[in-house]
Amino acid sequence: MTRLKKTDCWIIVSAYNESRHIQDVIKRIREQGFSSIIVVDDASRDKTSELVKNAVLLQHIINCGKGAAMRTGATYALKQSAKAVIFIDGDGQHAPEELPRFLNELNSGASIVFGARRETRKMPIQRRLGKILVRNAVRILYKVRVHDVLSGYRALTAHALNKVMWTSSDYTVESEMIANAGRENVRYSEITISTIYHDKYKGVNFLHGFIILGKLLWWKVTR
Amino acid sequence: MVLPVQIGGAIFILVMLYLTFLFYKKDHYDRNVFAFWVFIWCIAFLMLSFPSLFTGLTESLDVARITDLYVSVALMFVMAVTFFNFLYVKRNERKLEAIVQKLALDRVKK
C-alpha cells in the first residue's frame, strides 16, 4: 500500500451555524499542511458560508442533518479522487492539530481511524451515560471495540468509505458507520483525542442514546 | 332517541365532508380520491346515525354493539393510514436529500 500524503487527504468539515468557529477551524487545518478542505454548510442561518475562505464550500439549501452533510462532503471528495478523508466538526470541538496523527494511523494499516475523546469530569454526565450505553451495544451487536462511538472525528481510506457509506442523515451517522464497519470487517484502530466542549447542551445526550440503540438493533436485524 | 355522541359524530363527519370537498376543489387530489373519501365518510355517518342497519353485520362478526365494531374498524384504519404516512414521509425525505445533495454538488464554490 502506498503511503498516504497530506495532499491525498480531503478534510470534510460539516458546519451548521458555526460562524464563531469556522474560520479558525479552516486556518488551523491549513496550518497542519492539509489544503484539500471541504466545508459542508448545512443551511446555516448565520454567516457561516460567507466566512468560508480557502476551502471548497458545499451548501445545502435546507437543513438535512449531520449525516447528510457528511455524505455530501464524502461524495464530492470521492469525485475528486480522494485517497482518504478525515471528518472533523466545524464547531471547534475537534482539534485540527491532531489531523497528522489520523494520517499516520491510516499509514500504519488501518482503513478507519476513530478518534476517542478522553473521558474527563468536564464531559457532561448525560453524555457520558449515553456513550457507555452505545459503546456496549456496538461491542455486543457488531463486535467492534471502540471507546468513543459517538465522536465524529474519524479518518477513512476511500475504499473503506465506500464500504461504510451510510443512509442516516442525523446524529446516528457515527453509529451507523461503525455498524457498517463491523459488518464489513473493515480494519480499524482508535486514537485518543482531546476533549473539548464549548456547549454542554449541544450534541448527543442520554435520551439520544436510546434512539441510537434502537437504530443499532434495527440495522442488525434488517441488514 | 338520538344520543349526544351521535350528534357530535354527525357534526364531525359533516365537517370532514366539507373539508374533503374543499381540498378537492383546490386540486389537492383527483376525483377518484374525492369519491373514495366521500364514500368512507358516508359509511361512517350511516353507522353512527342508523346503527340498526348494521345489526346483521354485528351478529355475523360476533360483535356485541355496532359501536365496538365502529371503534375496531376505525382503529385499524388509523393504523393503516399512519403506516402509509410513515412510508411516504420516508420516501419524500430521501428524495429531498437527493435533491439537496445534487444542488450542493452542482453549485460548489471553490
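Hi everyone, let's start at the interface: between chain B and chain A, the rule finds one salt bridge, meaning a side-chain nitrogen of Lys or Arg within 4 Å of a carboxyl oxygen of Asp or Glu. Before I go on, this is a predicted model, where local features need pLDDT of at least 70 and side-chain atom pairs count only at pLDDT 80 or more, while totals for chains, interfaces and linings use all residues. Residues are numbered from 1 along each chain as its sequence is written, chains are lettered from A and ligands numbered from 1 in the order in which they are written, and side-chain values use heavy atoms, with hydrogens and water left out.

So which side chains meet in that salt bridge? They are Arg71(A) and Glu97(B), at 2.8 Å from N to O. On the side of chain B that touches chain A, we have six nonpolar, one polar and four charged residues. In that scheme Ala, Val, Leu, Ile, Met, Phe, Trp, Tyr, Cys and Pro are nonpolar, Asp, Glu, Lys and Arg are charged, and the others, Gly among them, are polar.

Eleven residues from chain B and 15 residues from chain A take part in the contact, which is defined as heavy atoms within 4.5 Å. The two chains bury about 1200 Å² between them, 64% of it on carbon and sulfur atoms; buried area here is the accessible area (1.4 Å probe) that two parts lose on being put together, summed over both.

Now to strand 6 of chain A, residues 154-157. Strands here are DSSP runs of E with at least two residues, helices are runs of H or I with at least four, and both are numbered from the N terminus. Arg154(A) and Leu156(A) on one side, and Ala155(A) and Thr157(A) on the other, are all buried, that is, under 20% relative accessible area, where exposed is over 50% and partly exposed in between (1.4 Å probe, protein chains only).

Strand 6 of chain A runs antiparallel to strand 4 (residues 84-89), with four bridges, and antiparallel to strand 5 (residues 112-117), with three; pairing takes at least two DSSP bridges. Ala155(A) is the bridge partner of Ile86(A), and Val113(A) also stands opposite Ala155(A).

Last stop, a backbone detail. Most residues other than glycine have a negative phi. Asn17(A), though, has a positive phi of about 55°; this residue is in the loop between strand 1 (9-15) and helix 1 (22-31) of chain A.
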